[in-house]
Amino acid sequence: MVIITQIAYPTTSVQDMAKRFLESPQAPEFMTRRGPFINASKTEGIQSFSLWELDNSRLAEGMKFLGGYMKIFFGVPGFTYEIRPFFHVDEALAMI
């Protein structure tokens with residue numbers, strides 16, 4: 001399974017976000033991060049997404065880590081985020 005995180009913030013917050021990103025914790029050994037991938041727009045500011053791969057059995061631990069990870073950015077003006085788990089087709093089919 002994967003968890004996709006999406007972060008957005010205005011260009012005026014770039015310096016604060018960069019500083020906090022450099023201080024952010026490394027992913028635990030049971031998670032593999034792909035990204036972050038960055039996009040910038042005049043109208044929408046900066047958007048970043050990462051794909052975190054992990055075993056389905058570690059979902060709760062992964063969500064807890066990512067919740068804590070996002071907290072380091074709280075207080076940055078305009079910061080928003082989403083944390084969304086996605087299952088492989090076989091995993092999703094097993095749930096129905």
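Modeller: Because Asp-16 and Arg-20 are 4 residues apart in helix H1, about one helical turn separates them. Helices (H or I, at least four residues) and strands (E, at least two) are DSSP runs, numbered from the N terminus. This is a predicted model, in which local features need pLDDT of at least 70 and side-chain atom pairs count only at pLDDT 80 or more, while totals for chains, interfaces and linings use all residues. Residues are numbered from 1 along each chain as its sequence is written, and side-chain values use heavy atoms, with hydrogens and water left out.

Biologist: In what do the side chains of Asp-16 and Arg-20 meet?

Modeller: They meet in a salt bridge, with N to O at 3.1 Å. The term requires a side-chain nitrogen of Lys or Arg within 4 Å of a carboxyl oxygen of Asp or Glu.

Biologist: How many salt bridges does this rule give?

Modeller: The count comes to 4 salt bridges. Among them is the pair Glu-61 and Arg-58, whose closest N and O atoms are 2.7 Å apart. Another joins the side chains of Arg-84 and Glu-82 at 3.5 Å, N to O.

Biologist: Are Arg-84 and Glu-82 buried or partly exposed?

Modeller: Arg-84 counts as partly exposed, at 40% relative accessibility, and Glu-82 is also partly exposed, with a relative accessible area of 39%. Here buried means under 20% relative accessible area, exposed over 50%, and partly exposed in between (1.4 Å probe, protein chains only). In the other pairs, Glu-61 is partly exposed at 37%, Arg-58 is partly exposed at 27%, and Asp-16 is partly exposed at 28%.

Biologist: Where does Ser-50 lie, and is Ser-50 buried or exposed?

Modeller: Ser-50 belongs to strand S3, residues 45–53. With a relative accessible area of 1%, Ser-50 is buried.

Biologist: Which residues is Ser-50 in contact with, leaving aside neighbours within four places in sequence?

Modeller: Contact means heavy atoms within 4.5 Å. On that basis, Ser-50 touches Ile-3, Ile-4, Thr-5, Arg-33, Arg-34, Gly-35 and Pro-36. The side chains of Ser-50 and Arg-33 are also joined by a polar contact of 3.0 Å (a pair of N or O atoms within 3.5 Å; within protein, one must be able to donate a hydrogen and the other to accept it, and residues adjacent in sequence count only if both atoms are side-chain atoms).

Biologist: What separation is found between the C-alpha atoms of Ala-18 and Lys-64?

Modeller: Their C-alpha atoms are separated by 22 Å, and the two residues are 46 residues apart along the chain. Ala-18 lies in helix H1, residues 14–22, and is partly exposed, with a relative accessible area of 36%.
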